[in-house]
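Work through the exercises below with the sequence and the coordinates open. Each task is followed by a solution in steps.

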There are 2 protein chains.
Amino acid sequence: MNVKDKYYQEVLRFWKDLTPNQRELVDHSIIKKHFNKGEAMRSSSDQCSGLFLIESGQVRAYIISENGKEITLYRLFDRDVCIFSASCIMKNISFDIFIETEKETTAYLIPTSIFDKLSKESMAVQVFANELMASRFSDVMWIMEQTLFMTLDKRLAIFLLEQSNIEESDTIKITHEKIANHLGSAREVITRMLKYFQEEGIISLSRGTIHIVNRKRLEQLTLY
Amino acid sequence: MNVKDKYYQEVLRFWKDLTPNQRELVDHSIIKKHFNKGEAMRSSSDQCSGLFLIESGQVRAYIISENGKEITLYRLFDRDVCIFSASCIMKNISFDIFIETEKETTAYLIPTSIFDKLSKESMAVQVFANELMASRFSDVMWIMEQTLFMTLDKRLAIFLLEQSNIEESDTIKITHEKIANHLGSAREVITRMLKYFQEEGIISLSRGTIHIVNRKRLEQLTLY
C-alpha cells in the first residue's frame with residue numbers, strides 16, 4: 001500500500017469499502033488546496049465546494065448574527081474531515097455555517113459532484129456522512145449547553161486552557177475582541193473578566209497576549 | 001394497499017425500499033404505546049427504546065442544565081418520527097436530550113434492535129436516518145441562533161404566535177414558568193416582559209392564561 005492509499009484509508013473510513021473504480025474516481029478528482037490564515041473555506045459566495053480533508057492546519061466553523069456577533073461551533077485539525085463544505089448535497093440542512101482557516105492550512109478537496117455520486121452508490125459513505133454529522137451535532141450541542149448554561153468565568157477559563165493546549169504554550173496570542181467572538185460575548189465583558197483573572201493572579205495581560213500564571217487555579221475555575 | 005401499509009409508507013420514507021422480509025419484521029415487532037401528558041419518552045433511565053412514530057399528540061425535546069434550567073430544542077407532531085429515542089445506535093452522539101409528551105400521545109415504537117438491524121442492511125434506512133438527523137440539527141441551530149442572537153421580546157413574540165398556532169386559538173394556557181423554561185430564561189424576566197406586552201395593549205393576562213389582543217402588533221415585534 002502506498003503513502004496516498006494509507007492517508008485515504010486513515011482519513012476516509014469508507015475507503016476500504018469502495019470499489020476499485022470508485023477509488024480511482026476519488027484519486028483522479030481530488031484537488032490539493034492551500035489556504036492562508038483567515039481565508040474562507042465556506043462563505044455565502046462559495047457554499048458547496050465539496051468534502052475537505054484537512055492535511056495540516058486549523059479550521060474554525062462559526063455562525064454569525066445580523067449585527068456581526070459570532071459564535072465558534074467547532075474546530076478542525078490535521079486529518080479531520082469538513083462535511084459542511086459539502087452541505088448542499090445533504091437534505092434538510094437549513095442553516096448557514098461559515099468556515100475559515102485559523103492557521104495556514106493544506107487540504108484535499110473531493111468535489112461535490114464526486115462525493116454526491118459516492119454517497120448515492122455506497123452505504124459505507126452514507127454511514128460515514130452520518131457519523132460525521134453526528135459528531136458535529138454533538139459539538140454544537142456542547143457549545144450550546146456551555147453558552148446557555150455556564151457562567152462566563154467558567155467558559156473563559158475553559159477557552160484559555162484549550163487555547164493554551166492548542167498552542168502548546170502558557171502564552172496565548174489573541175485579542176480580547178477575538179475571544180469575545182469565540183464566546184459570543186462583548187469585548188468589554190471579556191476585558192473586564194480577564195482583568196479580574198489578572199487581579200486574582202491567575203493570568204497576566206500584555207498587549208495582544210495572555211500569559212497563564214497559575215494553571216491550577218484556572219483549572220479549578222472550570223470545575224465548580 | 002391496506003391502511004397500515006399506507007401509514008408506514010407515509011411516515012417511513014424507506015418503507016418502499018424494504019424487502020418483504022424486512023417489512024414483515026417491522027410489522028411484527030412494532031409496538032403501539034400510549035403516553036399521558038407530561039410523560040417521558042426518553043429520560044436518563046430509559047434512553048434507548050427505539051424509533052417512535054408519532055400517530056397523534058405532541059412531543060417536546062429539550063436539554064436541561066445542572067441547576068434545572070431548560071431549553072426546548074424542537075417539537076414533534078402527528079406523523080413525525082423521533083430519532084433520538086434510538087440515539088444509542090447512532091455513533092458519535094454524545095449529548096443527552098430529554099423527550100416528553102406535551103399532550104396525550106399515541107406512538108408506534110420500532111424497537112432499537114430492529115431499527116439497528118434495518119439500518120445495517122438498508123441504504124434507504126441510512127439515508128432516512130441521515131435526513132432526520134439533519135432536520136433536527138437544523139432545528140437546534142435555529143434555536144441556538146434565536147437564543148444567542150435575538151432579543152427576548154422578539155423571541156417571546158415568536159413563541160406566543162407559535163403557541164397560538166399550535167392551539168389554534170388566541171388564548172394560550174401556559175404558566176410564565178413554562179415559558180421561561182422554553183426560552184431558557186427566568187420566570188421573573190418573562191413576567192416582566194409579558195406585563196410590558198400587556199401595557200402596550202398587545203396581550204391581556206389572567207391566571208394561567210395569555211390572550212392575544214393585537215396579533216398584528218405581536219407579529220410586527222418578530223420582524224425588526
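The model is predicted, so local features need pLDDT of at least 70 and side-chain atom pairs count only at pLDDT 80 or more, while totals for chains, interfaces and linings use all residues. Residues are numbered from 1 along each chain as its sequence is written, chains are lettered from A and ligands numbered from 1 in the order in which they are written, and side-chain values use heavy atoms, with hydrogens and water left out.

**Exercise 1. Chain A in outline**

Solution: 
- Step 1. Chain A has eight helices and 11 strands, where helices (H or I, at least four residues) and strands (E, at least two) are DSSP runs numbered from the N terminus.
- Step 2. Along the principal axes, the C-alpha atoms of chain A fill a box of roughly 65 × 40 × 30 Å.
- Step 3. Buried residues make up 53% of the 224 in chain A; buried means under 20% relative accessible area, exposed over 50%, and partly exposed in between, with a 1.4 Å probe and protein chains only.
- Step 4. Among the contacts in chain A with a separation of 6 or more, 69% come from residues 24 or more positions apart; a contact means heavy atoms within 4.5 Å.
- Step 5. According to an unreviewed UniProt entry, residues 150-216 of chain A carry the annotation "domain: HTH crp-type"; positions are in the numbering used here, feature names are shortened, and annotations may be inferred rather than shown by experiment.
- Step 6. That span, residues 150-216 of chain A, is 58% helix and 16% strand, and its end C-alpha atoms lie 20 Å apart.

**Exercise 2. Aromatic rings**

Task: How many aromatic pairs does the structure hold over all chains, and how are the rings of A:Tyr8 and A:Trp15 placed?

Solution: 
- Step 1. The count over all chains is 21 aromatic pairs. Rings of Phe, Tyr and Trp (its six-membered ring) pair if their centres lie within 6.5 Å; planes under 30 degrees apart count as stacked, over 60 as edge-to-face and the rest as tilted.
- Step 2. For A:Tyr8 and A:Trp15, the centres are 4.5 Å apart and the planes at 40 degrees, so this pair is tilted. A:Tyr8 is buried at 2% relative accessibility, and A:Trp15 is buried at 1%.
- Step 3. In chain B, the ring centres of B:Phe14 and B:Phe128 are 4.9 Å apart with the planes at 80 degrees, so this pair is edge-to-face.
- Step 4. B:Phe14 is in the loop between helix 1 (3-11) and helix 2 (20-29) of chain B, and B:Phe128 is in helix 4 (residues 123-149) of chain B, so the pair ties together parts 114 residues apart in sequence. Both B:Phe14 and B:Phe128 are buried.
- Step 5. A cluster linked by ring pairs holds A:Phe84, A:Phe95, A:Phe137, B:Phe84, B:Phe95 and B:Phe137.
- Step 6. The charged end of A:Arg136 sits over the ring of A:Tyr74, 5.1 Å from its centre; the rule asks for NZ of Lys or CZ of Arg within 6 Å of the ring centre and within 35 degrees of the ring normal.

**Exercise 3. Cysteines**

Solution: 
- Step 1. A disulfide is a pair of cysteine sulfur atoms within 2.5 Å, and this rule gives two disulfides over all chains.
- Step 2. A:Cys48 is joined to A:Cys88, S to S 1.7 Å. The torsion about this S-S bond of A:Cys48 and A:Cys88 is about -80 degrees, so the disulfide is left-handed.
- Step 3. A:Cys48 lies in the loop between strand 2 (40-42) and strand 3 (50-56) of chain A, and A:Cys88 in the loop between strand 6 (81-82) and strand 7 (98-101) of chain A, so the pair ties together parts 40 residues apart in sequence.
- Step 4. A:Cys48 is partly exposed at 22%, and A:Cys88 is partly exposed at 48%.
- Step 5. In chain B, a disulfide joins B:Cys48 to B:Cys88, S to S 1.7 Å.
- Step 6. The closest cysteine sulfur to that of A:Cys82 is in A:Cys48, 11 Å away, which is too far for a bond. A:Cys82 is buried at 1% relative accessibility.

**Exercise 4. Packing**

Task: Which residues touch the most other members of the largest nonpolar core, and what does A:Ser138 touch?

Solution: 
- Step 1. A nonpolar core is a set of buried Ala, Val, Leu, Ile, Met, Phe, Trp, Tyr and Cys residues joined through side-chain atoms within 4.5 Å.
- Step 2. The largest such core has 106 residues, and A:Leu53, A:Phe84, B:Leu53 and B:Phe84 touch the most other members.
- Step 3. Not counting residues up to four places away in sequence, A:Leu53 touches residues including A:Tyr7, A:Ile30 and A:Tyr108.
- Step 4. A:Ser138 is in helix 4 (residues 123-149) of chain A and is buried at 5%.
- Step 5. With the same exclusion of residues up to four places away in sequence, A:Ser138 touches B:Asn92, B:Ile93, B:Ser94 and B:Phe95.
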